[in-house]
Amino acid sequence: MTLRIAFLASRAPVAQTARAVLIGRYGNAKPEEADVIVALGGDGFMLRTLHTAQGLPAAVYGMNRGTIGFLMNEYSETDLMERLHEAEEEVINPLSMQAMDQFGREHKALAINEVSLLRAGPQAARLKITVDGRVRLSELVCDGALLATPAGSTAYNYSAHGPILPIGSDVLALTAIAAFRPRRWRGALVPKTAKVRFDVLEADKRPVMADADSSSIMDIDWVEIKSDPAIEHRILFDPGHGLEERLISEQFT
């Protein structure tokens, strides 16, 4: 069966060139009418494509025309239709972030990888961490902290020495970034159903920004984060190269 494919590409010349070649070979459908959306770029573009495709019936198949391409498959022009028919699907849920800034403005965003809080000034941030209404850490002095999904656990979370989480695990990684007090606190695993709240202490003196998959909010007062099981992002991978295998392989490199 011939699939209707929508080709989307990042602004990088190599991605735009690949899109033109593939459209010439396979045609191009509108995303809302496609059976599959093919994203050409790197992981950042893949995340943007998944957000854009939210609510559309098509799953997303990425081909790497970027740098690392953890969420992408290898690029090839000749056998795409066969690869799409054989591809395996992974379903992931994003994090839902609700935040309030110091001016009383409410912000909402979704994050497939992680929600991070980062100091926005010369002094370390002071954060209070609450999980499901119970204060778990009355003060964390740090450069920042993040809450990561299993799909995002190999990204910023792993660079901050957080754990890699298997796909399908019902936990989220709560990880400190350059913790100063408690100096040896290495973070925590919390249930996927948990609601995690960060309150910024001394927000005027120690400003903090929040970032949800590159959607940034300045001068944060507090942030609440939880997994949203009502939203499903469908990603396609070549057989044997899905997220589960990539997460395992990443721990041995």
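Me: How many aromatic pairs does the structure hold?

Reply: The structure holds one aromatic pair, where rings of Phe, Tyr and Trp (its six-membered ring) pair if their centres lie within 6.5 Å, with planes under 30 degrees apart counted as stacked, over 60 as edge-to-face and the rest as tilted. Phe7 and Tyr26 form this pair, which is tilted, at 6.5 Å centre to centre and 35 degrees between the planes. Please keep in mind that this is a predicted model, in which local features need pLDDT of at least 70 and side-chain atom pairs count only at pLDDT 80 or more, while totals for chains, interfaces and linings use all residues. Residues are numbered from 1 along each chain as its sequence is written, and side-chain values use heavy atoms, with hydrogens and water left out.

Me: Which parts does that pair tie together?

Reply: Phe7 lies in strand E1 (residues 5-9) and Tyr26 in helix H1 (residues 13-26), so the pair ties together parts that are 19 residues apart in sequence. Helices (H or I, at least four residues) and strands (E, at least two) are DSSP runs, numbered from the N terminus.

Me: And is Phe7 buried or exposed?

Reply: Phe7 counts as buried because its relative accessibility is 1%; buried means under 20% relative accessible area, exposed over 50%, and partly exposed in between (1.4 Å probe, protein chains only).

Me: Changing topic, which residues have the most contacts inside the largest nonpolar core?

Reply: They are Met97, Val115, Leu127, Ile129, Phe198 and Val223, in a core of 32 residues. A nonpolar core here is a set of buried Ala, Val, Leu, Ile, Met, Phe, Trp, Tyr and Cys residues joined through side-chain atoms within 4.5 Å. Strand E8 (residues 125-131) gives the largest share of this core, four residues.

Me: What about a second core?

Reply: There is a second, separate core of 21 residues, and Phe45, Phe70, Ile92 and Ile167 are among them.

Me: What is the strand order in the open sheet of six strands?

Reply: The order is E6-E5-E16-E13-E8-E9, with antiparallel pairing, and two strands pair if DSSP finds at least two bridges between them. Strand E6 (106-111) and strand E9 (134-142) stand at the edges with a single partner strand each, so one side of each is left without a neighbour in the sheet.

Me: Last one: where is the cis peptide bond?

Reply: The cis peptide bond joins Arg181 and Pro182, with omega about -10 degrees, and Pro182 has its place in the loop between strand E11 (171-177) and strand E12 (188-191).
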